[in-house]
Amino acid sequence: MSVLAYCVAESEIDTTSSLGVQALGVQGAPVTQVSAAGFTVFFSESEFQLGSEDSIREGALAFHQVNDAIFRAGGIVPFRFPTLLANVSELEAFVARNREIFEASLDATRDRVQMEVWIYVREVEASPETQAAATSGRAYLLEKAVTQRELLRQAETIRQRAESQILQWAQAEQKGVLRCYALVARANVNAFREAASSVAANLKFRVTGPWPATKFMPLSRMQQVPPPQTEVVEL
Amino acid sequence: MSTRTDVMAIDSAPEAEISLLDIIDNVLTAGVVIHGSVVISLAGVDLIYLGLNAVLTSVETALRHIEADQARASGTRSTEL
């Protein structure tokens with residue numbers, strides 16, 4: 001049976017109170033933990049498959065709830081949903097091969113969390129004339145440049161307001177939304193949210209978190225274990 | 001395709017403020033990737049990811065749905081999130 005990987009945590013993590021001893025994960029499969037390379041690795045034996053939108057959504061939510069419960073007990077390095085491997089040995093091999101990176105990731109984010117701020121433009125009812133003008137190349141580029149400047153300016157304002165809570169900061173624009181990532185101490189989550197709680201009237205924003213601080217982990221350096229056979233399902 | 005992006009209470013840490021959209025976005029885009037780990041594929045395309053992308057509407061569309069949900073819930077025009 002395949003295994004669905006949830007996350008890697010420090011070996012001494014105690015999830016008894018947050019996760020429980022008989023927790024159920026995606027599709028009701030029991031959550032199991034195994035020691036590997038000096039860490040505790042959480043997974044379920046699972047045959048997760050593509051199903052309806054509802055079942056995928058439920059799977060993603062169950063996955064999050066497991067990781068969130070473990071995250072409340074201590075730092076974690078989450079796997080992306082759904083990470084399915086052929087067996088536990090493959091999971092253990094991957095963790096062992098990347099032991100230094102898991103160690104560095106957990107060290108760098110111990111007692112710290114990631115808060116996110118999405119800043120985007122408030123929707124304005126546009127007149128037909130304005131819409132027509134906005135479709136011209138020059139008007140579009142001009143509007144885009146103005147928007148980008150405003151998003152960046154607001155991100156900087158938020159960063160400065162919350163400076164005393166921010167340990168590290170990163171930001172990236174994605175489809176008209178400026179996504180900002182702040183590494184903050186667990187104890188400072190509410191203080192950060194309060195400091196980041198206002199932007200200019202023509203913009204909107206969302207503050208979410210706390211999340212595992214994946215943006216501040218060296219995850220791109222992970223070395224892949226040579227994949228086993230890939231099962232092709234013909235439809 | 002359904003574009004349901006509920007803003008719902010999640011059993012989470014007390015200080016957390018997270019919607020279903022945030023959760024789906026986070027679990028799909030953050031974390032360790034093990035290449036080749038997804039075993040269901042067809043002609044090189046991972047069907048699970050195709051399906052999940054279908055669940056995730058674009059960020060802009062999802063944000064609009066969240067605002068609409070909140071406006072309906074409050075019975076007023078959406079202002080600030």
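This is a predicted model: local features need pLDDT of at least 70, side-chain atom pairs count only at pLDDT 80 or more; totals for chains, interfaces and linings use all residues.
Which residues are buried in helix 2 of chain A? Residues are numbered from 1 along each chain as its sequence is written, and chains are lettered from A and ligands numbered from 1 in the order in which they are written.

To the question, then. In helix 2 of chain A, residues 88-97, the buried residues are L91(A), F94(A) and V95(A). A residue is buried if 20 or more other C-beta atoms lie within 10 Å of its own, exposed if 12 or fewer, and partly exposed in between, with C-beta atoms placed from the backbone. Helices (H or I, at least four residues) and strands (E, at least two) are DSSP runs, numbered from the N terminus. The three residues lie on the same side of helix 2 of chain A, because they cover an arc of only 95 degrees around the axis; the arc is that of the directions from the helix axis to the C-beta atoms. Their cover includes strands 1, 2, 3 and 5 and helix 3 of chain A.

Next, the domains. Chain A has domain 1 (3-109) and domain 2 (112-211), with bounds from an automatic or database domain assignment. Their centres, taken over C-alpha atoms, are separated by 31 Å.

I turn to the largest nonpolar core. Such a core is a set of buried Ala, Val, Leu, Ile, Met, Phe, Trp, Tyr and Cys residues joined through C-beta atoms within 7 Å. This one has 70 residues, of which Y6(A), C7(A), V8(A), I70(A) and I119(A) touch the most other members. Helix 1 of chain A, residues 53-73, supplies the largest share, eight residues.

G59(A) counts as buried because it has 25 C-beta neighbours inside 10 Å. Leaving aside neighbours within four places in sequence, G59(A) is in contact (C-beta atoms, placed from the backbone, within 7 Å) with V26(A), Q27(A), F48(A) and P82(A).

Finally, confidence. Chain B averages a pLDDT, the predictor's confidence in each residue from 0 to 100, of 54. In chain B, confidence is highest in helix 1 (residues 20-29), at 83, and lowest in strand 1 (residues 41-42), at a mean of 43. The model scores ipTM 0.80 and pTM 0.75.

Notes
Two residues are in contact if their C-beta atoms, placed from the backbone, lie within 7 Å.
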